[in-house]
Structure formats: C-alpha cells, structure tokens
Amino acid sequence: MSSAARLLPDIERRRLRALVRADAVTAAPLHADDYWLITPNGSEMTKDDYLGAIASGQLRDQVFEPVSEMAVLGDAAIVVLRYRARISFDDGPGITCWHTDCYRLRDENWEVVWSQATAITA
C-alpha cells in the first residue's frame, strides 16, 4: 500500500469532520488556496466561498460522511481520492453522492485542490 493510500483517507475524514463542525481552523489548511468545489447541483465554489458559507452558517452540513471505502489513485505529488458519501443539510436522509477529491502535496502537507460531488439517483 502506498503512503498516499495510507494517509489520505484519514486526512479526508478529518476534513469532513471539520466541515460538519464548521471548524475553519482545522478545515482551512486542508484546502488549497486555489480550491474549487463542484457541488451535486453543478454550482462552483472557491475555497473562500465554501469555507465562508460554512463558517457563517449559510451552508451547514449536518452529515458529511463516507459510506464506502475510499479508493486512492496515485502516489506522487498529485493523488485522486474517490468514494461514496452521504451529505445532509438537515435532519433528513440527505443525498448519497460520488465524491472525488484531487489532493496535492505542498510543503510536506496534503491539501485538497478540487472536489466534485455527483448525486447518485435510484
């Protein structure tokens, strides 16, 4: 198992926990300054947009958790992580989506650069 395959699932789980807790101190360094998110509805958000909406309470993840194993592709300075996740913004069941993250190793720290969530429909 590559070092990225060992490290990144734990880093991703830490990032998701920080997003649910609206913990910007933990979340910010895990996101690259040039981070982009493509949401399940196809909209785009920069790091400032995304973390700002979470910190203000405008976007509040009640649940953001993996519901499958995380697959890791690569073992270099750029690595892709893919898994199924459940996301809910209220007490409801939320949605299940494919979640893909592109991580970059910068200054010996992994940071997510791109994320895309694609809703899974029945």
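Helices and strands are DSSP runs, numbered from the N terminus. The model described here is predicted.

The nonpolar core was examined first. In soluble globular proteins, nonpolar side chains tend to be buried together. Here the largest nonpolar core holds 28 residues. Within this core, Leu-8, Leu-19, Tyr-50, Phe-64, Tyr-83, Tyr-103 and Trp-110 touch the most other members. Helix 1, strand 1, helix 3, strand 5, strand 6 and strand 7 each give two or more residues to the core. Helix 1 gives the most, with six residues. Tyr-50 has contacts well beyond its sequence neighbours: with residues up to four places away left out, Tyr-50 touches Leu-19, His-31, Tyr-35, Leu-37, Met-45, Leu-59, Asp-61 and Phe-64.

Arg-104 belongs to strand 6, which spans residues 95-106. The relative accessible area of Arg-104 is 15%. Buried means under 20%, so Arg-104 counts as buried. The Arg-104 side chain makes a polar contact with the side chain of Asp-34, at 2.9 Å.

Empty space was considered next. Rolling a probe the size of a water molecule over the atoms shows where empty space is left. The largest pocket contains about 260 Å³ of space. Its lining comprises 19 residues, and Leu-37, Thr-39, Tyr-50, Leu-59 and Phe-89 are the closest to the pocket centre. Two or more lining residues come from each of strand 1 (31-38), helix 3 (47-56), strand 6 and strand 7. Helix 3 gives the most to this lining, with three residues. By type, the lining of the largest pocket divides into twelve nonpolar, four polar and three charged residues.

Phe-89 is among the residues closest to the pocket centre. Phe-89 sits in the loop between strand 5 (78-88) and strand 6. With a relative accessible area of 47%, Phe-89 is partly exposed. Asp-61 is 28 residues away from Phe-89 along the chain, yet their C-alpha atoms are separated by 4.7 Å. Phe-89 touches Leu-59, Arg-60, Asp-61 and Gln-62, not counting residues up to four places away in sequence.

A search of the whole structure found one cavity of 30 Å³ or more. The largest cavity holds about 30 Å³ of space. Its lining is made up of Ala-18, Leu-19, Ala-22, Asp-23, Ala-24, Ala-27, Leu-51, Ile-54 and Ala-55. Helix 3 gives the most to the cavity lining, with three residues. Eight lining residues are nonpolar, none is polar and one is charged. Leu-19 lines this cavity and is also listed among the core residues that touch the most other members.

For Ala-22, the angle is about 55°. Ala-22 lies in the loop between helix 1 (3-20) and helix 2 (24-27), and Ala-22 also lines the largest cavity. At 28% relative accessibility, Ala-22 is partly exposed. For Glu-108, phi is about 70°. Glu-108 is placed in the loop between strand 6 and strand 7 (109-119). The relative accessible area of Glu-108 is 76%. Exposed means over 50%, so Glu-108 counts as exposed.

Terms used: Residues are numbered from 1 along each chain as its sequence is written. This is a predicted model: local features need pLDDT of at least 70, side-chain atom pairs count only at pLDDT 80 or more; totals for chains, interfaces and linings use all residues. Side-chain values use heavy atoms; hydrogens and water are left out. Helices (H or I, at least four residues) and strands (E, at least two) are DSSP runs, numbered from the N terminus. Buried means under 20% relative accessible area, exposed over 50%, partly exposed in between (1.4 Å probe, protein chains only). A polar contact is a pair of N or O atoms within 3.5 Å; within protein, one must be able to donate a hydrogen and the other to accept it, and residues adjacent in sequence count only if both atoms are side-chain atoms. Contact means heavy atoms within 4.5 Å. On a 1 Å grid over the protein atoms alone, a cavity is a set of points where a 1.4 Å probe fits but cannot get out, and a pocket is an open set with protein on both sides within 12 Å along at least five of seven lines; lining residues have an atom within 4 Å of a point. Grid points are joined across faces, edges and corners, and a volume is the space filled by probe spheres set on the points. Ala, Val, Leu, Ile, Met, Phe, Trp, Tyr, Cys and Pro count as nonpolar, Asp, Glu, Lys and Arg as charged, and the others, Gly among them, as polar. A nonpolar core is a set of buried Ala, Val, Leu, Ile, Met, Phe, Trp, Tyr and Cys residues joined through side-chain atoms within 4.5 Å.
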